[in-house]
Amino acid sequence: MLSRPKLVYERIKQSAYPENLVLLGILLFPVLSLSVRHWLSGIYSLLALLALFVVFRKSHDLFKEEKILFALFILLLLSFTISASLNGWSDNSIRRLSNVLKYILFFPTYLLIRQYKDLSGLLFMGIVTGGAALGLQAIFDVFYLGLPQGSGIYGTIIFGDLSILFFSTTLILLFFKKEFSVTTWLYIISAMLSALAVYLSGSRNAWIASVFCVLVIPLLCFKFMKYKRAILVIVPIVTISASTFFFTETVHKRLNLAVSEFTTFVAQGAPKDIPIKYNSVGFRLEQWRVALHITHDAFFFGYGGGNAGKHVKRYAEKGLAHPDLIVLDTERGIGGLHSTYFETLINEGVIGLAVMFVFVFYPIYTFLKARESSPLLSTVGIIFVTNYMIFGISENPFVHDNFTSVYLILLSVFFSETIRNKYLDKGHRMAAYGQDGFSCENTYSTK
């Protein structure tokens, strides 16, 4: 299913500006994601700047689903703007503007990406290569540098989350592979290395996502796999994964610690004389408890983007929460609550939270509706967005530069190509696409 390296080279070489830059950017985007600083945000910025120079030279006829997606982005931006304006544009909200700019730049970036066919093939090649790179990075971090966990250049959380994102995509490609070939071995090697990166990251967030992926991906792919292949691939994966999660000492200890921290908080709360600063589960739960208390004073529109941590701190200063929640940096920094949903509730109120839920659920709905026309892309899209929803339980990937860059680029490629396939008539689709579902043409028109 991957584009052949020789064909990729020839396509980029023969392409004119700006197509050659777009193709190269999409291909390289996942490769050194967490090994070179500013790699992800840098490539996203370059594509966005390129888009600003080229996409407004002609009109663009959007399909219905694309118009809805754009409308949801506008609502997300309006929710932030209204909430921040009602609360006086604090330093926290102003600091959040750099991330908001990425969402604004999504519009021209998407319009640029949707002009070219088969970008998914290039992106898949980059993801398979990037998954292997993350595995090698994890081995280097742990066994050469002597670090306790694989972390790359930005820490264990995004390292584990991006590793499971690349692993899940590679696993789907493996399931959809019709014939055994050299490419199959590339998938297997990449999947093993990216799975190793997930494990060595020590990120419990990524481990939860990995359990979800291992259970759900085979169910989504089963209809499109040969029966024997399904049995031969699924059984070892489930067996190895179960062994890793239930019998590996490192995983066992960290999961037991998480369960212990959770049960202790439920039974005892957060006694003020017992530190919880380094109790990751207890600290998060105490933040979320406070969030539910203070949301009543700004129920509809919240306290303004970036202000959640500051208001949790002020609540703790009144003696109503654990003193470890008094973090001075939240007065001027972003100060998150380690959760997309609780942070959105405090920053932008129940209206903002509703917008966020629609924002993430609509792409999933669209991918589900496209199961017949784009089985591979729809499966990848469903798992990709759902993984971000899982990450959002204990982190907020939608407000960090690198997390956001990955989400916006992958969404642009997968969503635009899925919609294009939906509106191609069956005869055109059979003529334009090969057995693996990748296009032979370079550009397309909506009309």
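**View 1. Buried residues of helix α2 in the predicted model.** Helix α2 spans residues 19-28; helices are DSSP runs of H or I with at least four residues, numbered from the N terminus.

**View 2. Surroundings of S151.** S151 occupies the loop between α7 and α8 (156-176). This serine counts as buried because its relative accessibility is 13%. Leaving aside residues up to four places away in sequence, S151 contacts D141, T156 and F159, a contact being heavy atoms within 4.5 Å.

**View 3. Nonpolar surface patch.** I74, L75, L78, I82, L86, F299, F300, F301 and I351 form a nonpolar patch of about 810 Å². Patch members have over 30% relative accessible area and no salt bridge, with nonpolar side chains joined within 5 Å. Helix α4 (residues 64-86) supplies the largest share, five residues. L86, in helix α4, is exposed because its relative accessible area is 56%, the cut-off being over 50%.

**View 4. Model confidence and residues 425-447.** The chain has an average pLDDT (the predictor's confidence in each residue, from 0 to 100) of 87, and 88% of residues score at least 70. Over residues 425-447, pLDDT stays under 50, and the model has 48 contacts there beyond four places in sequence. Where pLDDT is low, the predicted coordinates should not be read in detail.

**Notes.** Residues are numbered from 1 along each chain as its sequence is written, and side-chain values use heavy atoms, without hydrogens or water. In this predicted model, local features need pLDDT of at least 70 and side-chain atom pairs count only at pLDDT 80 or more, whereas totals for chains, interfaces and linings use all residues.

Technical notes: Buried < 20%, exposed > 50% of the residue type's maximum accessible area, 1.4 Å probe, protein only. Helix = DSSP H or I, 4+ residues; strand = E, 2+ residues; numbered from the N terminus. Patch = residues over 30% accessible without salt bridge, like charges linked within 9 Å, V, L, I, M, F, W, Y side chains within 5 Å. Areas by Shrake-Rupley, 256 points an atom, 1.4 Å probe, with all protein chains shown as cover. Salt bridge = Lys/Arg side-chain N within 4 Å of Asp/Glu carboxyl O.
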